[in-house]
Amino acid sequence: MHVVYPAVVAALLFSIGVYGVLARRNTILVLMSVELMLNAVNLNLVAFDVWLRDALHSGQVLTLFVIVIAAAEVGIGLAIVLAVFRTRKAIELDRLRELGEP
Amino acid sequence: MSGVDFWPPSTLEVVFLLLGLVAVGSALLVVTTRQLVHAALWLVVCFGALAGCYLVLTAEFVAWVQVLIYVGAVVVLLLFGIMLTRAPIGRSDDLDSGNRVVAAVVAVATAGVLVSVVVGGFQHAYAELRPGAGSAEELGASIFRNWVLPFEALSVLLLAALIGAIVLSRTDIKGRR
């Protein structure tokens, strides 16, 4: 397996995630795009672990850690989104401008 | 470095590229679809294809964890979030903000930089796939021999996130006056 293939797939996934974070209005869709970026990083970690044959398996272990952190992040993020929805009745990012400059 | 040619690709590489194509295509649909629920379902396809990629790369345990946690837990959480925020079920045309064009330019620039750097840097790198290198036995031994402290710290972090999510989403817990 050439290392270029997983690396290029991961780079494309990451830039798709960047597009989603910048272009979407709905907070939940932005969270999905963040998940895409985290998955791109995971693919890179696994591919380079396989390539370098690390004795400690750092790449795959770090992938597991990233998956756990992503689960925690989604839980907290959705709790925050629900709290915002309860108080503001809207989760569109460009309508939450109370802290912005007028 | 290594004398393995790009052409003809091995069977594993063809399988990996097809799975990667599915992953990238469904990711594109996630960020462009007009229906909120469909975005979550395309996310399932994307994560499933990525799990297949991990399997091809001999990382079996990571692949199953990916299926269990991402497909099983994270997407269900996102669907619950969509449901609880009373999102419209059908087509909605206001899912994209006004800076789509700028976002597309930034994303294409990011893709260009990353792909050219990666292709330039790892053109000749070749990874021999060794079956069983990512089995649950090897990874478990590695986690509980060498990575015990980060593992425990992470479990405390997960507990803190759990309690934080409960406190944030309950309405009858008030702060101290």
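**Close-up views of a predicted two-chain model**

View 1. The C-alpha atoms of B:V56 and B:E13 lie 8.5 Å apart in space, although 43 residues separate the two in sequence.

**View 2. Helix α2 of chain B and the residue B:T58 that follows it.** The 21 residues of α2(B) reach 31 Å from the first C-alpha to the last, which is close to the 30 Å expected at 1.5 Å a residue. B:T58 is not a glycine, yet its phi is positive, at about 65°. This threonine is found in the loop between α2 and α3 of chain B, and at 11% relative accessibility it counts as buried.

**View 3. A:H57 in the loop between α2 and α3 of chain A.** The phi of A:H57 is near 55°, a positive value in a residue other than glycine. A:H57 is buried, with a relative accessible area of 8%.

**View 4. The largest nonpolar core, with 66 residues.** Within this core, A:M32 and A:L36 are the residues with the most contacts. At least two residues of the core come from each of α1 (4–23), α2 (27–52) and α3 (58–88) of chain A, and likewise from each of α1 (11–32), α2 (36–56), α3 (60–84), α4 (100–121) and α5 (136–146) of chain B. The most is given by α2(B), which supplies 11 residues. In general, nonpolar side chains tend to be buried together in soluble globular proteins. When neighbours within four places in sequence are left aside, A:M32 is in contact with B:V30, B:L36, B:A39, B:A40, B:L43, B:L78 and B:I82.

**View 5. Packing of α2(A) against α1(B), whose axes come within 10 Å.** The two axes cross at roughly 160°, and α2(A) and α1(B) are therefore roughly antiparallel to each other. The crossing in which α2(A) passes α1(B) is left-handed. On the side of α2(A) the contact is made by A:L29, A:M32, A:S33 and A:L36, and on the side of α1(B) by B:A27, B:V30 and B:V31. As a general point, an α-helix has 3.6 residues a turn, so residues three or four places apart point the same way.

**View 6. Packing of α3(A) against helix α6 (residues 148–169) of chain B.** The axes of α3(A) and α6(B) are 9 Å apart and the helices pack at an angle of about 15°; they are therefore roughly parallel to each other, angles under 35 degrees being counted in this way. The crossing of α3(A) and α6(B) is left-handed. The residues of α3(A) that take part are A:F65, A:V68, A:I69, A:A72, A:G75, A:I76, A:A79, A:I80, A:A83 and A:R86, and they meet B:P150, B:F151, B:L154, B:L157, B:L158, B:A161, B:G164, B:A165, B:L168 and B:S169 of α6(B).

**View 7. Packing of α1(A) against α4(B), whose axes come within 8 Å.** The axes cross at roughly 165°, which makes α1(A) roughly antiparallel to α4(B). The crossing of α1(A) and α4(B) is right-handed. From α1(A) the contact involves A:V4, A:A7, A:V8, A:A11, A:L12, A:F14, A:S15, A:V18, A:Y19, A:L22 and A:A23. From α4(B) it involves B:R100, B:A103, B:A104, B:V106, B:A107, B:T110, B:A111, B:L114, B:V115, B:V118 and B:V119.

View 8. A:P6 counts as buried, with a relative accessibility of 1%. Leaving aside neighbours within four places in sequence, A:P6 is in contact with A:M1, A:L43 and A:A47 of chain A and with B:F16 of chain B. A:P6 and A:L45 are 39 residues apart in sequence, while their C-alpha atoms are 9.9 Å apart in space.

Technical notes
Residues numbered from 1 in each chain as written. Chains lettered and ligands numbered in written order. Predicted model: local features only at pLDDT ≥ 70, side-chain atom pairs only at ≥ 80, totals over all residues. Heavy atoms only, no water. Core = buried A, V, L, I, M, F, W, Y, C linked by side-chain atoms within 4.5 Å. Buried < 20%, exposed > 50% of the residue type's maximum accessible area, 1.4 Å probe, protein only. Helix = DSSP H or I, 4+ residues; strand = E, 2+ residues; numbered from the N terminus. Contact = heavy atoms within 4.5 Å. Expected span 1.5 Å × (residues − 1). Axes fitted to C-alpha atoms, helices over the stretch in contact; angles between N-to-C directions. Parallel < 35°, antiparallel > 145°, perpendicular 65-115°, else oblique. Left-handed = near helix turned anticlockwise from the far one by under 90°.
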